[in-house]
Amino acid sequence: MALIKGHRRGWAVALTVAGYLALLAVPSFPGLPYLFDQALQRVLLFALAVAFVALLGGARSLAPSTVGLRRALREGRYPVLIVMGLCVVEVVSLLQLAASGEAVPLSPTWAVDLVGVALLCLSVGLYEETLFRVLLLGGLLSGRGSTRNGVVTAVLVSSVVFGAAHVALVGELDPLTLVQMLLKTAQTTCIALVLGTVYVRTRSFLGVVAIHALADFFPMALLAVIGELDDSLGGYVSGGEGELAVLLGLALVVVYLVLIALYAPAAVHAWKLLEKTPLPASGPFEQGWDPRADDDPALAPPSDDDRPPRPSGL
């Protein structure tokens, strides 16, 4: 244990890589519907990530607690509001389609699919937040969370890793595929900046899991209801040869540019909050890392009394 305590950052990085590569080895359950199969796989991966966190001495940080949950949801609400807004736009277009007399697509298994989507989003949130926020970000904060530069660097590095982990090469690496991969990484990094900032400020594991799960659930739920979920699952990069493959790749580039434009303000807001985060923020593997209360004065914006007095005569 002394070897682990003395090299927590290195162990955290190595275990994060192992937890991510475990995606390739986790058993499948072909007897279950696809969504339930994927959810069960993520539950197993979550258990593995919990074991890694416990190995580094951070099991207490995963204990369910509603302390700080409300503030976490408030400070991390932007990604959820964005996807809800996009879903509202799609619902309005479907209602207009129905009003014009056109048939609105509806999946015959939408109710079961909604349950599967909910379980999948919850399990993905648990697994990925344990792996990237608690294990990786927490490990990077160890020994460096006492300085502003250390905290900012830890959040930024873990966010970029989280973004890169969401892309996979499909086919050959041509310029169009590379652009898609970079844009998808940038879009997901923006979301991770929000999650990382919320976790460092509130220390609420349940809070970042809830934000992550909700941001995934709303768009997937809508796709499940209208029967287009199967077409959307899979990789985030479109590769291949031929005119159709190029058109699909260009369409994804446009989609990612729009999403980056939507998420960038949320990332900028998170960055400003990160600059005001109370120090030290030493992470879940150090003593004293407990969720902050919703009304913790250390997280409140500065009051008028804290500002320098206005010069007389103005």
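Which residues in α7 are buried? Gly150, Val151, Val152, Ala154, Val155, Ser158, Ser159, Phe162 and Gly163 are the buried residues there, where buried means under 20% relative accessible area, exposed over 50% and partly exposed in between (1.4 Å probe, protein chains only). This is a predicted model, in which local features need pLDDT of at least 70 and side-chain atom pairs count only at pLDDT 80 or more, whereas totals for chains, interfaces and linings use all residues. Residues are numbered from 1 along each chain as its sequence is written, and side-chain values use heavy atoms, with hydrogens and water left out.

- Helices are DSSP runs (H or I, at least four residues), numbered from the N terminus.
- The 17 residues of α7 should span 24 Å at 1.5 Å a residue, which agrees with the 24 Å between its end C-alpha atoms; the expected span is 1.5 Å times one less than the number of residues.
- The cover over the buried residues of α7 includes α6, α8 (175-202), α9 (205-225) and α11 (243-275), contact being heavy atoms within 4.5 Å.

**Aromatic pairs**

- The structure holds three aromatic pairs; rings of Phe, Tyr and Trp (its six-membered ring) pair if their centres lie within 6.5 Å, and planes under 30 degrees apart count as stacked, over 60 as edge-to-face and the rest as tilted.
- One of them is the edge-to-face pair of Phe132 and Phe162, with 5.2 Å centre to centre and 85° between the planes.
- Because Phe132 lies in helix α6 (residues 110-141) and Phe162 in helix α7 (residues 148-164), this pair ties together parts that are 30 residues apart in sequence.
- Phe132 and Phe162 are both buried.
- The rings of Phe217 and Phe218 have centres 5.8 Å apart and planes at 70°, so this pair is edge-to-face.
- Phe217 counts as partly exposed at 24% relative accessibility, and Phe218 counts as partly exposed at 27%.

**Charges over rings**

- Arg133 lies over the face of Phe162, at 4.4 Å from the ring centre; the criterion is NZ of Lys or CZ of Arg within 6 Å of the ring centre and within 35 degrees of the ring normal.
- Lys184 lies over the face of Tyr236, at 4.1 Å from the ring centre.

**Salt bridges**

- Seven salt bridges are present, each a side-chain nitrogen of Lys or Arg within 4 Å of a carboxyl oxygen of Asp or Glu.
- Among them, Glu286 and Arg8 meet through their side chains at 3.6 Å, N to O.
- Glu286 lies in the segment after α11 and Arg8 in helix α2 (residues 8-21), so the pair ties together parts that are 278 residues apart in sequence.
- Glu286 counts as partly exposed at 31% relative accessibility, whereas Arg8 counts as buried at 13%.
- Arg133 also forms a salt bridge with Glu129 (2.8 Å, N to O); being four residues apart in helix α6, the two are separated by about one helical turn.
- Both Arg133 and Glu129 are buried.
- In the salt bridge of Arg292 with Asp296, the closest N and O atoms are 3.2 Å apart, and both residues are buried.

**Cysteines**

- The structure holds zero disulfides, a disulfide being a pair of cysteine sulfur atoms within 2.5 Å.
- Cys87 is in no disulfide, and its nearest cysteine sulfur, that of Cys121, is 11 Å away.
- Cys87 counts as buried at 13% relative accessibility, and Cys121 counts as buried at 2%.
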